[in-house]
Amino acid sequence: MIITIDRKYGSGGRMVGEKLAKLLGYRFYDRELLKIAARESGMHEDVVSHFDERPAGSLLYSTFLYATMPVTDALPLNQKLAFAQFDVIRRVAQDGDCVIVGRCADYVLQEQHDCFNVFVTASTDVRRERLVKYYGIPSELTDKTIKKEDKMRSEYYNFFTQRKWGDASNYHMTVDTGRFTLDGAAALLADAVHRLEAL
């Protein structure tokens, strides 16, 4: 089964994904997708990391180019990187069981029937605490950081999918890590996966 995880900034979605992958014995992909895409596209990882999950340019223009020719230098760097990552996502999904965090994976794999799409959220208070605890962000900057990062993730997702980021209809399950904790959310999702695999 392929598990895709979208997440609000500071909700712990990446950590839940890692814990879930360990519980299930699945492969885990997050920034690894960026590294693979950068290497295969001949782009330096330090440069492209700045553009990871960042929207830009005209969606119609980029979609037209992508549909009519291979990814070329005609595309803005962040779009070239996004499409390269989409190709990597399709390939790793073909290899079977894995957890993929972010990067529109639910949309990219929408035709694949063995996908379980998850959205991870938490209250603003919980996210503030995690930003201070895990990322070392000063408490006075947490609100600004949350707003900025959520906005970029939302714009990136909406830009490339023409869907609405966080909309429940895009996901099979939403988990609140403030309510369940990171370990609890991973255990809950693992149970859901086992139930799906038993169907």
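Is Lys 80 buried or exposed? Lys 80 is buried, because its relative accessible area of 14% falls under the 20% cut-off. The model is predicted. The chain has 199 residues, and 49% of them count as buried. Its secondary structure comes to 10 helices and five strands.

**Chain overview**
- The accessible surface of the chain is about 10,100 Å². Carbon and sulfur atoms hold 52% of that surface.
- Among contacts with a separation of 6 or more, 71% join residues 24 or more positions apart.

**The sheet**
- Five strands make up an open sheet. Their order is β2-β3-β1-β4-β5, and the pairing is parallel.
- The edge strands are β2, residues 27-29, and β5, residues 173-176. Each of these two pairs on one side only.
- On average, neighbouring strands of the sheet are turned by 20° against each other, direction ignored.
- Strands of a sheet pair through backbone hydrogen bonds, in either a parallel or an antiparallel sense.
- Strand β1 covers residues 2-7, and strand β3 covers residues 98-101. The two pair in the parallel sense over four bridges.
- Thr 4 stands opposite Ile 100 in β3.

**Helices α7 and α8**
- Helix α7 spans residues 124-135, and helix α8 spans residues 142-161. Their axes come within 10 Å.
- The axes cross at roughly 105°. This angle lies in the range of 65 to 115 degrees, so α7 and α8 are roughly perpendicular to each other.
- From α7, the contact is made by Thr 124, Arg 127, Arg 128, Leu 131 and Val 132.
- From α8, the contact is made by Thr 142, Asp 143, Thr 145, Ile 146 and Asp 150.
- The residues of this contact divide into four charged, three polar and three nonpolar.

**Lys 80 in context**
- Lys 80 lies in helix α5, which runs over residues 77-94.
- How many residues separate Lys 80 and Ala 37 in sequence? They are 43 residues apart along the chain. In space, the C-alpha to C-alpha distance between Lys 80 and Ala 37 is 9.5 Å.

Terms used:
Residues are numbered from 1 along each chain as its sequence is written. This is a predicted model: local features need pLDDT of at least 70, side-chain atom pairs count only at pLDDT 80 or more; totals for chains, interfaces and linings use all residues. Side-chain values use heavy atoms; hydrogens and water are left out. Buried means under 20% relative accessible area, exposed over 50%, partly exposed in between (1.4 Å probe, protein chains only). Contact means heavy atoms within 4.5 Å. Accessible areas come from the Shrake-Rupley method with a 1.4 Å probe; for residues, only the protein chains shown count as cover. Two strands pair if DSSP finds at least two bridges between them. Axes are lines fitted to C-alpha atoms, for helices over the stretch in contact, and angles run from 0 to 180 degrees between N-to-C directions. Angles under 35 degrees count as roughly parallel, over 145 as roughly antiparallel, 65 to 115 as roughly perpendicular and the rest as oblique. Ala, Val, Leu, Ile, Met, Phe, Trp, Tyr, Cys and Pro count as nonpolar, Asp, Glu, Lys and Arg as charged, and the others, Gly among them, as polar.
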